Amino acid sequence: MVLARSEVARTRRPVPVRGTAVRLGLMAVPLAFFALFFAYPVVAIVGRGLKDGGQWQFGRFGAVLGDPDIAHVLWFTVWQAAASTALTLLIALPGAYVFARFAFPGKQLLRAVVAVPFVLPTVVVGSAFLALVGRGGLLDELWGLRLDTSVWAILLAHVFFNYAVVVRTVGGLWSQLDPRQEEAARMLGAGRFEAWRRVTLPALGPAVAAAALMVFLFTFTSFGAVQILGGPTFATLEVEIYRQTAEFLDLPTAAVLTLVQFAAVLGVLALHALTVRRRESALRLVPAAQTAHRPRGRGQWALLWGTLGVITVLLIVPLAVLVERSFDGPDGYGAGFYTSLRSAASADSTFAVAPLDALWNSLAYGVAATAIALVVGGLAAAALTLPRLRAGASGRTACVSRLVRGFDALLMLPLGVSAVTVGFGFLISLDTPPLDLRASWWLVPLAQALVGVPFVVRTMLPVLRAVDGRLREAAAVLGASPWRVWREVDLPMVRRALLIAAGFAFAVSLGEFGATVFIARPDQPTLPVAVARLLGRAGELNYGQAMALSTILMVVCAAALLILERLRPLDHSGEF
Amino acid sequence: MSTISRITVTALAAVVGMSTLAACGGAGGGAADTKTVTLVSHDSFNISKSVQAAFEKESGYKIRILRGGDAGKAVNQAILSKGNPQGDVFFGIDNTLLSRGLHEGIFSPYRAKGLDKVPAALQLDKGEHRVTPLDYGDICVNYDRGYFARHRTAPPKSFADLLEPRYKGLLVTENPATSSPGLAFQLGTIATYGEHGWQGYWKKLKANGVEVVDGWEQAYNDRFSGSAAGKDKGDKPLVVSYASSPPAEVLGKKPAPKEAPTGVATGTCFRQIEFGGLLKGARNEKGGKALLDFLAGRRFQEDVPLRMFVNPARTDAKVPELFTKYGTTIGRPTTLPPETITKNREQWIKQWSSLVLK
């Protein structure tokens, strides 16, 4: 028997005012964080563009949006994002099922590997992807199939980048859904599809919506993939904002476009909030290990092999191309580029970075950013999952719940704002004591955490919301403090989600490039920044070293994700 | 609830404390600290450790290097932080961006020592010395020697050659809106064919099958058949790149080949001059001046070629063998006055886009 949350809430008896205070208390840190490191810088840079002599110039909207070129960019942005999201869901949802329900050797490794594209610099991945679908690429040699500078290359690359988002967000919850509910429905006479549609699908709904939303946001604001694979004829809003800001310093146009992107992202988020609220329900969660089994029957084996095939062609081959190139030296295969990395770094130059140094920088930034993202995102998710306030009881609670919904959307906004806007915003707003961060070490992890927080929140919310409210109540009735309720009831159930969230946040900061390269910093290049520097130079040696560094980044990322997979609580680890 | 608010307060205090701490770290280069001089530059800035150490020992200042993305972004950052700059000296504003920086007034005048060794042609701010020329490089069409030897064709030499039918479909260039070599190539055609003739030239170039990609990396690494990185997968034997790309192709090759695998079409070059300047509002002005003198001095100038693959501005700086043996000296590169570039840049790029991309 599954109770809708609203029914649970009705039986609760805490004083609403106290609930409000707790909620506001939890929201204080995330709010302060976002106000200081996101809203303030972005408002500053947008204001610089839209204000002229202290007067707001809203007339600029008409001029910019009336430009047919901009209108075309807008149309293409929406269109390709919708198509990419649909394609990604189509290809990745079966994958999410396979990872959630089937036990097979190498599953953990594979789960780590599919997340790797997510962290690699787009320049690197773009060129690897061209080796697959471009001219002279693998598909070209095999079947004469070329997809470069076509929309198909962009769409496929988006699937490649976002496959893990779906597998991890949806699969994470799916693996913890009790399969007996579906079995019970079948026993009651429902067909296989009927049982899935009426039992599993509604339970997965919020997670699927969350994943779709993330993929839409990423593809809507796509930058590198569109630039490299689409050629100069395709541009997204994000590319246009970058050009107007970084190339032309046309802040008015950039400000208008930033606000348009803002509005679009808010629209998507509102839509998402609607679907989630309708679908939300308390679920019975069980340890993932109990739900996974070896595939049974021809259909399940076919699904497993099909998924593995898709992963191999779409994800592993481009990655393998990178590894292959990193060993393909002038004198045949060998570790020449790796050893030359070491000697180049010890040589007399500040340009070449010792791979270990860059790795260490990346890890240090990543750990700091993950910690910040977990604290901020965790508190935010906790605030958002407190029992819903009764609407209409008083004007005040209605106002608070509106505030909470607004807060929910606010947390996602950093994903919809371009790195160049945030970077320039940092520069002009965080430049006076006590917040003079322009050259501070913390600037990089703070900027990376901005992108990490939405992942933490989105990964944790579906699971937190699915925790049966009656457990919390029972604990409260037995005299546990809210903190103890959270520790004893929520934490054990969300530990896995927390680890997945941490993995995402860490991976995002390992691979983060846009903000990191942009923020002037002490000379501590991360791996992606070092790769980009090498790629910006001619010569086989520089290129080979870039590939070697990318391979190192890839291995580190996969290892980090693998370790996080292993860190699951003991009683859940008997998967094999 | 009291526990929760205590945790909240602690966490909040931690965040605030952390940012204050960071602020202190950031202010480390502040007014009180005159021992450090901060250099703001683009991502390609590079200096030998020993050369840097020599400056630090002689002057008593420690150098701190802040790199902020590509040249355009770095300049724009400096413009946005005008009056309250991130550092003391800026390195790497080139002639395509120079007049924007000068117009915004981000530099304080200072005449660096040793300027008399820099040719007059490079000194674009001679009267006021707000910026000092520090290096130059040329952007030219590079060709794949192997391809043209196999096809028994002579490689092109000039912009006009590129229109010939035998070079049809062979050239890949970069989008001027997103790539500085792409912009330089376009400026080269404007310098050659004039503000009224360049569009006609590009119409013919388009008809002759020029291909455009967004960034230098794709053009050079993925499409150019002459780059070793492409492993013979590239299908374009002509690419817009740097005059110093051929020496870079030789780098790390053992044994060293007789000539570079790629060459430069000497009549297609546009000269980029990079300047450095003292930032207005610098916290360590004295250190900044010392650093600028050093950057214009022989020791740094001789370090420049192998570190940044450009030529030193000083005529008395020795250029390494890699450059003299495999590089090409460009006798008469094209160029345009910085004011003309800044005035027309955006409009030219827009015109180019609607002409070539649509």
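I began with A:Arg192, which counts as exposed because its relative accessibility is 58%, the classes being buried under 20% relative accessible area, exposed over 50% and partly exposed in between, with a 1.4 Å probe and protein chains only. This is a predicted model, in which local features need pLDDT of at least 70 and side-chain atom pairs count only at pLDDT 80 or more, whereas totals for chains, interfaces and linings use all residues. I note that residues are numbered from 1 along each chain as its sequence is written, that chains are lettered from A and ligands numbered from 1 in the order in which they are written, and that side-chain values use heavy atoms, with hydrogens and water left out.

**A:Arg192, continued.** I placed A:Arg192 in helix H10 (residues 192-220) of chain A; helices (H or I, at least four residues) and strands (E, at least two) are DSSP runs numbered from the N terminus. Setting aside neighbours within four places in sequence, I found A:Arg192 in contact with A:Glu182 and A:Arg186, contact meaning heavy atoms within 4.5 Å. From A:Arg192 to A:Leu229 I read 37 residues in sequence and 41 Å in space, C-alpha to C-alpha.

**Chain A overall.** I looked up 25 helices and 4 strands for chain A, and 61% of its 576 residues count as buried. Among the contacts in chain A with a separation of 6 or more, 81% come from residues 24 or more positions apart. Helix H5 (residues 107-114) of chain A has 6 of its 8 residues buried, so this helix is largely enclosed by the rest of the structure. Its buried residues are A:Lys107, A:Gln108, A:Leu110, A:Arg111, A:Ala112 and A:Val114. I also checked A:Cys557, which counts as buried because its relative accessibility is 0%.

**Helix pair in chain A.** The axes of H4 (residues 68-101) and H15 (residues 297-327) of chain A come within 10 Å and cross at roughly 120 degrees; axes are lines fitted to C-alpha atoms, for helices over the stretch in contact, and angles run from 0 to 180 degrees between N-to-C directions. H4(A) and H15(A) are therefore oblique to each other, since angles under 35 degrees count as roughly parallel, over 145 as roughly antiparallel, 65 to 115 as roughly perpendicular and the rest as oblique. On the H4(A) side the contact includes A:Ile91 and A:Phe99, and on the H15(A) side A:Leu303 and A:Leu314 are among the residues involved.

**Helix pair in chain B.** In chain B, the axes of H6 (residues 180-207) and H12 (residues 338-357) come within 11 Å and cross at roughly 25 degrees, and the two helices are therefore roughly parallel to each other. Among the residues making this contact I listed B:Trp198 and B:Trp202 of H6(B), with B:Trp348 and B:Trp352 of H12(B).

**Disulfide search.** Over all chains, my search of the whole structure returned 1 disulfide, a term that stands for a pair of cysteine sulfur atoms within 2.5 Å. The bond joins B:Cys140 to B:Cys269, S to S 2.1 Å, and with 110 degrees about the S-S bond the link is right-handed. B:Cys140 lies in strand E5 (residues 132-144) of chain B and B:Cys269 in the loop between strands E9 (262-264) and E10 (270-279), so the pair ties together parts that are 129 residues apart in sequence. I recorded both B:Cys140 and B:Cys269 as buried.
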